[in-house]
Each structure stands twice: as C-alpha cells, then as structure tokens.
Amino acid sequence: MVSSIQEELILSNKKSWDEVAPRFFGRTALPTYGPFAPLENDLNLFGEVSKLNVLDVGCGSGHSLEYMASRGVSELWGIDLSETQLEAAQKLLKTHEAILRLFQGPMEQDPGLPNNYFDIVYSIYAIGWTVDLKKTLQNIYNYLKPGGLFIFSWEHPLHNRIKYERDSFVVKKSYHEEGLHQCEAWNIPAMMNQIKLSTYINELIQTGFQIERVVEEVVIPEQAELENPMRWYSVEKATFIPPTFIIKSSKPQK
Ligand SMILES: C[S@@+](CC[C@H](N)C(=O)[O-])C[C@H]1O[C@@H](n2cnc3c(N)ncnc32)[C@H](O)[C@@H]1O
C-alpha cells in the first residue's frame with residue numbers, strides 16, 4: 001500500500017503523463033538505454049532472450065517491448081501509469097497481441113502480477129518517477145524467478161546538479177540532497193525522485209538483489225558536433241559527466 005500523500009502524487013503524475021505522452025512516443029527505448037549511453041547491441045546485458053518472459057516497468061509507448069518481441073521473447077508484459085501511453089503501446093504491439101499483457105497502474109503497487117514468474121524485468125528511463133523506491137524494488141524482486149535479471153536505466157543523478165553558466169559547468173545543487181522534486185524541464189506538475197547512485201545500489205542489495213554491473217560509460221557519436229551546451233543533454237556536458245547510468249542486477253538462486 002502507498003500512503004495517501006504518495007497516492008496524490010501518483011495521480012498528479014498520471015494526469016501529466018497522459019497529457020505529455022504523445023511527445024514521448026518512442027523517445028527512449030531499447031536498444032537505447034538513454035542519452036549518450038552505450039547501446040544494448042554493444043553491452044549485451046540481456047544476453048539471449050528468446051523464449052523468456054519479460055516485464056517492462058514504465059513501458060511507455062511500448063517501443064522497448066517491440067524490441068523484445070523482435071528478439072523472440074515468449075511473453076511481453078508491461079506496466080505503466082499512463083493510459084495514453086498504454087493505448088499507444090497497444091496499437092504499436094497489435095501484431096503481438098497473443099503474447100501481450102499490459103497493466104495500467106503505478107510501479108509502486110502490484111496490480112496482481114504473478115510472483116516468481118519473469119526471467120527478466122527491465123525499466124528504461126522510468127524508475128526515477130517512483131515515489132517509493134523500496135516498494136518498487138520489492139515488487140520487482142517478487143515478480144522475478146530466482147536467477148532472473150533486473151536491468152534498468154535512468155538519468156545519472158549528477159546530471160541535473162550541474163549546469164552551464166558563463167563558459168563553464170558549475171555545480172548548482174548538492175549531490176547529497178535526495179527526495180521528490182518538481183521536474184525542472186516540465187511546466188506542469190510532475191514529481192520525480194532524486195536518488196543517489198549509492199542509494200540505488202544499497203536499496204537493491206537490501207531488497208536481496210545481487211549487483212552484476214553498473215554502467216556509466218558515455219558514447220559520443222563520431223560525427224557529433226558541438227552544440228548549445230545549455231541544452232539539457234549536450235555533447236559538451238556528456239564529456240564531463242555521464243547523462244545516463246544503467247544497473248544490471250539479479251535475484252539470486254535459492
Ligand atoms: C520516458 S517514459 C519510458 C519509455 C519506455 N520505457 C519505452 O521503452 O518506450 C517514462 C514512463 O514512465 C511512466 N511512469 C511515470 N511514473 C510511473 C509510475 N509511478 N509507475 C509506472 N509508470 C510510471 C510514464 O507514464 C512514462 O510512460
């Protein structure tokens with residue numbers, strides 16, 4: 001159960017996501033993990049996925065699920081807060097209807113998904129929207145089979161702490177400060193969770209996960225031109241700090 005304050009925040013985020021969903025159609029999806037991150041084609045964190053059951057947490061418009069379908073998974077499951085996103089995902093994945101199960105709801109609450117069922121749970125650029133990391137990780141742990149993988153990506157928690165001002169990058173906010181905050185880039189209510197890398201790692205360990213790999217590498221495309229360094233994601237900034245991080249973890253065999 002989430003608290004009534006958390007419920008209010010989730011409802012407000014849902015309203016906002018329903019509104020902005022069309023702008024995010026296929027924006028961040030596998031094989032892309034996030035801005036300037038190496039691709040899954042190069043990292044191969046998932047390994048062989050054919051005939052596996054996968055669950056996408058914060059599946060959005062369904063483009064990562066489409067990628068999983070192209071790699072021959074057995075069952076495609078997704079959960080997302082936004083009805084508008086899920087309508088888009090349902091349309092995108094209509095040829096895979098027979099193996100598709102989509103659920104509307106917050107990742108912090110189990111909508112009745114099977115426990116010990118999934119070979120892989122993953123989340124691409126969605127986890128930082130959780131209003132309760134502990135509950136979210138506990139749900140994911142329960143959904144996974146022993147030996148299953150949980151792989152997720154999100155914006156690196158240093159990225160929004162540093163801004164470009166008068167020819168330099170400067171630290172504008174403390175890295176130590178964590179918690180819910182209004183998403184700076186949006187002008188409608190949208191509460192995101194600022195969580196340090198060590199907190200993600202420690203919460204995963206406390207939930208029972210084993211950390212397999214943490215990725216902070218940055219890939220700058222060869223033809224990339226220097227652009228406006230004030231942009232939220234810029235080549236200049238990516239040369240100093242990783243815009244994206246990825247964590248691969250597993251639920252140990254009993
Ligand atoms: C950037 S999109 C993710 C893109 C998606 N992973 C893909 O592969 O196309 C972030 C998603 O998180 C969803 N979201 C936000 N808060 C959520 C929550 N508390 N529980 C579940 N989904 C949430 C949003 O509705 C949105 O679809």
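Which residues in helix 4 (residues 83–92) are buried? The model is a predicted one, and in it Gln 85, Leu 86 and Ala 89 are the buried residues of this helix. Viewed down the axis of helix 4, these buried residues fall within an arc of 95°, so they line one face of the helix. The face turned away from that buried side carries Glu 87 and Lys 91, which are exposed. Several elements contribute to the cover over the buried residues of helix 4, including helix 1 (4–20), strand 2 (75–80) and strand 3 (100–104). At the start of helix 4 there is also a contact between a side chain and the backbone: a side-chain oxygen of Ser 82 comes to within 3.3 Å of the backbone nitrogen of Thr 84.

The next part concerns a pair of helices. Helix 5 (residues 133–143) and helix 6 (residues 197–207) have axes that come within 10 Å of each other and cross at roughly 45°. Helix 5 is therefore oblique to helix 6, and the crossing is right-handed. On the side of helix 5, the residues that meet helix 6 are Leu 133, Lys 134, Leu 137, Gln 138 and Tyr 141. Their counterparts in helix 6 are Tyr 200, Glu 203, Leu 204, Gln 206 and Thr 207.

Which residues of helix 6 are buried? They are Leu 197, Thr 199, Tyr 200, Glu 203, Leu 204 and Thr 207. These residues cover an arc of only 165° around the axis, so they sit on the same side of helix 6. Helix 5 is one of the elements that cover the buried residues of helix 6, and the cover also includes strand 5 (144–155), strand 10 (210–215) and strand 11 (244–250). Just after helix 6 comes Gly 208, which takes a positive phi of about 120°.

Ser 123 lies in strand 4 (residues 118–124). Is Ser 123 buried or exposed? Ser 123 counts as buried because its relative accessible area is 0%, and the cut-off for buried is under 20%. A polar atom of the Ser 123 side chain lies 2.8 Å from the backbone oxygen of Val 57. Apart from residues up to four places away in sequence, Ser 123 touches Val 57, Phe 150, Ile 151, Phe 152 and Ser 153. Ser 123 and Phe 46 are 77 residues apart along the chain, and their C-alpha atoms are separated by 12 Å.

Gln 194 has its place in strand 9 (residues 191–194). With a relative accessible area of 6%, Gln 194 is buried as well. What does the side chain of Gln 194 make a polar contact with? One partner is the side chain of Asn 160, at 2.9 Å. Leaving aside neighbours within four places in sequence, the residues in contact with Gln 194 are Pro 157, Asn 160, Arg 161, Glu 177, Glu 178, Gly 179 and His 181.

How values were computed:
Residues numbered from 1 in each chain as written. Predicted model: local features only at pLDDT ≥ 70, side-chain atom pairs only at ≥ 80, totals over all residues. Heavy atoms only, no water. Buried < 20%, exposed > 50% of the residue type's maximum accessible area, 1.4 Å probe, protein only. Helix = DSSP H or I, 4+ residues; strand = E, 2+ residues; numbered from the N terminus. Arc of directions from axis to C-beta. Contact = heavy atoms within 4.5 Å. Polar contact = N/O pair within 3.5 Å; in protein donor to acceptor, adjacent residues only side chain to side chain. Axes fitted to C-alpha atoms, helices over the stretch in contact; angles between N-to-C directions. Parallel < 35°, antiparallel > 145°, perpendicular 65-115°, else oblique. Left-handed = near helix turned anticlockwise from the far one by under 90°.
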